[in-house]
Amino acid sequence: MKIAKLLQLHSAAAAANSLADNFGDGFLCQNNRIFSNIRKHNILNSYRFSTERNDFYLSLPLSQLENILTSKCVPYSDNVSVLQSLESKYPAVTDWDDIVDNLKRNFLFHESCHAVARSEASLSDTASQKSQVLQMLLEESYANTCELLGVIDAVETGHQIFYEINSYTSLFDQRAHIKNALQEVGAQRLFLFIMLNYLHSNFLYDKLLEVEISRIFKLADIEISNNKKLKHLSQICFTLDERFKYKTTSFYMRLHGLKMTKGDLLKFDFMAIIENNKEVQSYLNRIAAIAVSEIAPR
């Protein structure tokens, strides 16, 4: 696809609250329901987005997540002006494939999902170490889930390109499976099911036993008869990059003074906390509802 066409799509979609210098941002605000829902909630909670140079974020993004959430400012880079300049100098020459591996990507969608989960948080900063770990990994699992389910709207090539350049993951080949599951169990139940699977993955589980799957189905209020239909989507949640998952979780916890080994995480019955705490259940349903607001099968 020509850059000229993509820039045309980008410029034509100047949606409210969109960022004109983030490639595809307005298009996604207009055409991707989860992306749009997350942005609206960010704005309601006074988050802002800035292209002001942030060397710390550019150099080591993971180390800056807490600063982003406490300052309510999500950094990103202008990756539109360079494309406009290129197109101006060499009209109708550049294809997307020519630059896809080199154009600076912005991950503000992922960071914005963290912001939604944090703004609605039910576990206080002064809570026990286990509660802090659970909150941290719930936030990551929420962002994982938003990125997975957001592909359902990315049908056209332009939409997929914009989604890919704004996301860590973009599993477009899973659209049919997601759509079928959405029709079967509904948006909010599906979101909860996926988020709880990602939560196990982020707690360093390699796979789930039947008893663990049953607990997830119960919390997501899904009939166990749908097990086979959702099994494929469950497996996707355990394909997170292993090195990234292990190293990132360990590093991020140490930054917060949390001392938990892999063994500690695997022994931590976090599901019991969720099952026995109505406030946490309400929190999970609340953040799921924010993401999938007005989402129905298409």
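Helix 9 and helix 15 (residues 242-255) pack at an angle of about 130°, with their axes 11 Å apart, where axes are lines fitted to C-alpha atoms, for helices over the stretch in contact, and angles run from 0 to 180 degrees between N-to-C directions. The two helices, helix 9 and helix 15, are therefore oblique to each other, given that angles under 35 degrees count as roughly parallel, over 145 as roughly antiparallel, 65 to 115 as roughly perpendicular and the rest as oblique. Their contact is made by V133, M136 and L137 of helix 9 and by T249, Y252 and M253 of helix 15, contact being defined as heavy atoms within 4.5 Å. Helices (H or I, at least four residues) and strands (E, at least two) are DSSP runs, numbered from the N terminus.

The model is predicted, and local features need pLDDT of at least 70, side-chain atom pairs count only at pLDDT 80 or more, and totals for chains, interfaces and linings use all residues. Residues are numbered from 1 along each chain as its sequence is written, and side-chain values use heavy atoms, with hydrogens and water left out.

Helix 9 has 21 residues and reaches 30 Å from its first C-alpha to its last, close to the 30 Å expected at 1.5 Å a residue, the expected span being 1.5 Å times one less than the number of residues. Helix 9 is mostly covered, with 18 of its 21 residues buried; buried means under 20% relative accessible area, exposed over 50%, and partly exposed in between (1.4 Å probe, protein chains only). The largest nonpolar core has 97 residues, and those with the most contacts inside it are F23, Y142, L190, F203 and L284. Such a core is a set of buried Ala, Val, Leu, Ile, Met, Phe, Trp, Tyr and Cys residues joined through side-chain atoms within 4.5 Å. When neighbours within four places in sequence are left aside, the contacts of Y142 include I38, C113, V116, A117, F191 and M195, as well as I287, A288, I290 and A291.

Helix 9 (129-149) is also among the elements that cover the buried residues of helix 10, together with helix 1 (3-12), helix 2 (25-31), helix 7 (96-99) and helix 8 (108-119). In helix 10 (residues 157-165), the buried residues are G158, H159, I161, F162, Y163 and I165. The axes of helix 1 and helix 10 come within 11 Å and cross at roughly 80°, and the contact is made by L6, L9 and H10 of helix 1 and G158, I161 and F162 of helix 10.

Helix 8 also meets helix 3 (residues 33-44), their axes coming within 9 Å and crossing at roughly 55°, which makes helix 3 oblique to helix 8. Residues of this contact include I34, F35 and I38 of helix 3 and L108, F109 and C113 of helix 8. E111 lies in helix 8 and is buried, with a relative accessible area of 5%. Beyond its neighbours within four places in sequence, E111 is in contact with Y57, L65, I68, V74 and Y168.
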